Amino acid sequence: MAQSMRDIKDKINSTQNTSQITKAMQMVSAAKLTKSEAKTKNYHHYMETLEDMVRNISSSSSMSHHPFFKSKSEANCTGYLVITSDRGLAGGYNSNVLKLLQQQIDSKPSDQSKLYMIGSKGFDYAKRSNLVVENEFVFVPDDIVYQDIKPVVDKVIGDYMAGVISEVVVVYNHYVSKIAQEPMTKQILPLESKKAEKSKAQYSFEPKEEDVINAILPKYLEGTIYGVAITAKLSEHASRMNAMQNATDNAVEIIKNLQLVYNRARQAAITQEITEIVGGASALE
């Protein structure tokens, strides 16, 4: 019985240590989430301004013939840009987005899709599933900047402009709230022409309209992909925070149950000792 009580006590101590770790990870993820929320909010203001500018000049006749609006590729090949994390312990963050990716791939013939990965978990999945990734490994830090994903963005845009792929679709986890992240797809290329709303903004082009459009559209496309990337990173922080909170709650419940088992075992041991003492005293009489 003493050995059993010792084992139970060791389990309680081990679970308490684990709960302290998960609690600390939860607090770290919560701090990163708050920082990422502010960054994402500020960036969306920038993108709204840039999108409004693109919308207002998209009515130009030269825009409709731009490769970003009309694919050069004659082949029906979709490039999937998949955003995953570099670390685990984030609940269903990676598994959900990879499951959605697999559904997209299975719906097409094998020669009509190409993969571009961001995050080590995506590369690991591709290796296990014997899928070919078109780009080199891309590490994504918590405080992501555009230069971190620039190599894969350049690769995707380059393949699109070369006619290797006819469209680009991003597969990522969309941030809905702190407790909800939704895996979804978003078409990035070709861009959709949007009708301009009545605006007070009037644009004059210098030196000429075509040069300005060729300068703005790549910036808009890069900004859109970067915006999706920081949204996915925000979802990652939220998912990891929720996962660690659930782990902490489960650890507390396990400790509570183990403590009950330990108390019962201790009570049984004390009762046994009292019984033996009483029995010994009776034998002496």
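Modeller: Leu89 sits in the loop between strand 1 (78–83) and helix 3. This is a predicted model in which local features need pLDDT of at least 70 and side-chain atom pairs count only at pLDDT 80 or more, while totals for chains, interfaces and linings use all residues. Residues are numbered from 1 along each chain as its sequence is written, and side-chain values use heavy atoms, with hydrogens and water left out.

Colleague: Thanks! Why is Leu89 called exposed?

Modeller: Leu89 has a relative accessible area of 54%, and exposed means over 50% (buried is under 20%, partly exposed in between; 1.4 Å probe, protein chains only). Leu89 is therefore exposed. Its phi is positive, about 55°, although Leu89 is not a glycine.

Colleague: What makes Asn130 exposed?

Modeller: Its relative accessible area is 70%, and therefore Asn130 also gets the label exposed. Asn130 follows helix 4 and lies in the loop that leads from there to helix 5 (146–161). It too is a non-glycine residue with a positive phi, about 60°.

Colleague: And Gln26, why does that one count as buried?

Modeller: Gln26 has a relative accessibility of 13%, which is why it counts as buried. It belongs to helix 1 (residues 2–57).

Colleague: Which residues is Gln26 in contact with, leaving aside its neighbours within four places in sequence?

Modeller: They are Met241, Met244, Gln245 and Thr248, where contact means heavy atoms within 4.5 Å.

Colleague: How do you know how many helices and strands there are?

Modeller: The elements are DSSP runs, numbered from the N terminus: H or I over at least four residues gives a helix, E over at least two a strand. The chain comes to six helices and four strands, in the order α-α-β-α-β-α-α-β-β-α from the N terminus on.

Colleague: Now the helix pair. Why are helix 3 and helix 4 called oblique?

Modeller: Helix 3 (residues 93–106) and helix 4 (residues 120–128) pack at an angle of about 50°, with their axes 11 Å apart. Under 35 degrees would count as roughly parallel, over 145 as roughly antiparallel, 65 to 115 as roughly perpendicular, and the rest as oblique. Helix 3 and helix 4 are therefore oblique to each other.

Colleague: Which residues make that contact?

Modeller: Helix 3 brings Asn94, Leu98 and Gln102, and helix 4 brings Lys121, Gly122 and Tyr125. They divide into two nonpolar, three polar and one charged.

Colleague: Which residues of helix 4 are buried?

Modeller: Ser120, Gly122, Phe123, Tyr125 and Ala126 are the buried ones in helix 4. These residues pack against helix 3 and strand 2 (113–118).

Colleague: Where is Pro190 placed?

Modeller: Pro190 is in the loop between strand 4 (180–189) and helix 6 (209–284).

Colleague: What kind of peptide bond joins Leu189 and Pro190?

Modeller: A cis one, with omega at about -5°.

Colleague: Last one, for the whole chain: what share of the residues is buried?

Modeller: Buried residues are 41% of the 285 residues in the chain. Among contacts with a separation of 6 or more, 76% come from residues 24 or more positions apart. The chain exposes about 16200 Å², with 53% of that supplied by carbon and sulfur atoms.

Notes:
Axes are lines fitted to C-alpha atoms, for helices over the stretch in contact, and angles run from 0 to 180 degrees between N-to-C directions. Ala, Val, Leu, Ile, Met, Phe, Trp, Tyr, Cys and Pro count as nonpolar, Asp, Glu, Lys and Arg as charged, and the others, Gly among them, as polar. Accessible areas come from the Shrake-Rupley method with a 1.4 Å probe; for residues, only the protein chains shown count as cover.
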